[in-house]
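Subject: Structure handover

Hi,

Here is the structure I promised to pass on.

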Amino acid sequence: MRADPTPPLLAYAFRPFFLLCALYAVLLMLGWSLWLSGVVELPVRWPAIYWHSHEMLFGFVTAAIAGFLLTAMTNWTGAPPLKGAGLLALVLLWLAGRIVMGLSAWINPLWVAAVDLAFLPLLATYVARILLGHGNRRNMIMVVILALLWVANLLMHLGQLQPSVWLVRQGEWLALNLITLMMVVIAGRITPAFTANWIRLQGGNPEQVIRSAKTDLWAILSVALLIPLTLGSAPEPIVALTALLAGLINAYRLYQWRGWKVCREPLLWILHLGYLWIVLALILRAATPLGLTDSLWQHLLGVGAMGTLILGIMTRVAMGHTGRPLKLVRFGLLIYCGILLAAVLRLLAAASLIHYTAGVLASAACWIAAFSLFLLAYWPILSRPRADGRPG
């Protein structure tokens with residue numbers, strides 16, 4: 001058998017996209033912190049706050065989504081992984097979007113929009129082709145979410161071109177709702193499954209972990225309902241009541257997974273913690289009519305849920321899909337502690353319980369530390385061949 005000439009970094013989508021996701025998390029937050037401190041002026045045409053939110057949603061998060069989806073599809077369908085030149089082209093397209101957005105002050109805004117908007121349709125088309133080609137319609141919800149994410153990105157670009165803050169905000173809120181929905185779907189599949197498997201391996205009863213199709217359906221539908229309500233500018237009390245309902249249903253769902261049973265396994269409790277941030281964000285969103293700022297629930301989603309779940313999934317996939325034992329690397333707990341501190345500090349700053357700028361900068365420092373540690377610990381793992389000698 002001929003050896004596969006594909007470089008390890010291009011042998012599977014999780015390898016380049018997870019590394020780029022972590023690297024961009026560091027660079028993005030570093031640039032934001034320097035701007036917030038008044039040290040540098042960012043070379044971006046967009047208002048810095050909207051550039052920051054756009055790149056968190058459509059730069060950082062989409063890299064993680066691409067790495068996860070393109071990897072998970074091979075398990076869902078049995079299809080060979082995207083690798084080599086095809087994977088490189090997709091990676092370079094994502095990277096081109098980050099470059100034009102980061103230098104948008106010097107580039108025609110139409111070109112910026114065209115380049116940045118190209119990534120999600122290509123990713124969605126490829127995912128749809130593989131899923132439909134293998135008769136896997138169950139996961140087509142991911143294609144729908146990717147398509148709607150592109151619409152959200154388009155709205156933000158149109159808002160910048162007009163300019164219209166309302167359009168920018170509509171795109172931002174749509175993206176937040178869609179990513180929340182994706183987290184509820186994906187984490188809702190993998191977290192209880194991994195938890196039950198671990199309990200079984202420890203000699204316990206995996207049936208302690210309850211996976212209810214009815215609860216799953218209501219958990220997903222309640223979060224999905226926030227999308228048309230938000231876009232339709234529904235009355236605030238209705239949105240708040242829906243968010244509260246979604247928070248309570250998802251809290252019950254999380255309880256059914258018995259997360260306290262896996263407190264000895266960091267690769268598992270981090271997933272439960274990430275889902276808890278979603279629950280808390282939904283409940284805080286329900287409290288906005290009482291005077292709580294939107295920044296509270298938005299950053300619980302962004303720093304807490306997204307940051308935690310992305311690191312939790314990346315640290316697990318990096319080991320399991322490279323032929324290594326499913327264990328956290330040495331000093332890996334520091335990664336999880338960093339993202340936990342980042343979320344708590346950002347929450348305290350948004351709630352005005354600590355000095356705002358100092359709290360945001362401290363949170364950013366913890367975020368940078370967490371993703372920098374991921375890069376240091378997992379670069380050797382993700383850039384080298386599998387430990388068991390198998391392809392991928």
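Let me start with a definition: rings of Phe, Tyr and Trp (for Trp, its six-membered ring) make a pair if their centres lie within 6.5 Å, and the pair is stacked with planes under 30 degrees apart, edge-to-face over 60 and tilted for the rest. By that rule, the structure holds 13 aromatic pairs.

Before the details, two notes on sources. What you have is a predicted model, where local features need pLDDT of at least 70 and side-chain atom pairs count only at pLDDT 80 or more, while totals for chains, interfaces and linings use all residues. Residues are numbered from 1 along each chain as its sequence is written, and side-chain values use heavy atoms, with hydrogens and water left out.

**The overall picture**

The chain has 14 helices and zero strands (helices are DSSP runs of H or I with at least four residues, strands are runs of E with at least two, and both are numbered from the N terminus). With 392 residues, a compact globule would have a radius of gyration near 21 Å, and the 20 Å of the chain agrees with that (the radius is taken over C-alpha atoms, and the globule rule is 2.2 Å times the number of residues to the power 0.38). The C-alpha trace spans about 55 × 45 × 40 Å along its principal axes.

Of the 392 residues, 57% count as buried, where buried means under 20% relative accessible area, exposed means over 50% and partly exposed is in between, with a 1.4 Å probe and protein chains only. As for contacts (heavy atoms within 4.5 Å), take those between residues at least 6 apart in sequence: 77% of them join residues at least 24 apart.

On charge, the chain has 26 positive and 11 negative charges, and their mean positions are 11 Å apart. Lys and Arg count as positive and Asp and Glu as negative, without His and the chain ends; each charge is placed at NZ of Lys, CZ of Arg, CG of Asp or CD of Glu.

**Back to the rings**

How are W32 and W35 arranged? Their ring centres are 5.1 Å apart and their planes are at 20°, so this pair is stacked. Both sit in helix α1, three residues apart, which puts about one helical turn between them. W32 is buried at 10% relative accessibility, whereas W35 is partly exposed at 28%.

Then there is W367 with F371: the centres are 4.8 Å apart and the planes at 45°, so the pair is tilted. These two belong to helix α14 (residues 356-382), four residues apart, again about one turn of the helix, and both are buried. Elsewhere, Y12, F14 and F18 form one aromatic cluster.

S33 lies in helix α1, which covers residues 14-36. S33 is buried, with a relative accessible area of 10%. Leaving out residues up to four places away in sequence, S33 touches L361 and A364.

W46 is in the loop between α1 and α2 (48-77). Is W46 buried or exposed? Its relative accessibility is 5%, so W46 counts as buried. With residues up to four places away left out again, W46 touches W51, H54, M101, S104, M156, H157 and Q160. W46 and P109 are 63 residues apart in sequence, yet 9.7 Å apart in space, C-alpha to C-alpha.

Cheers
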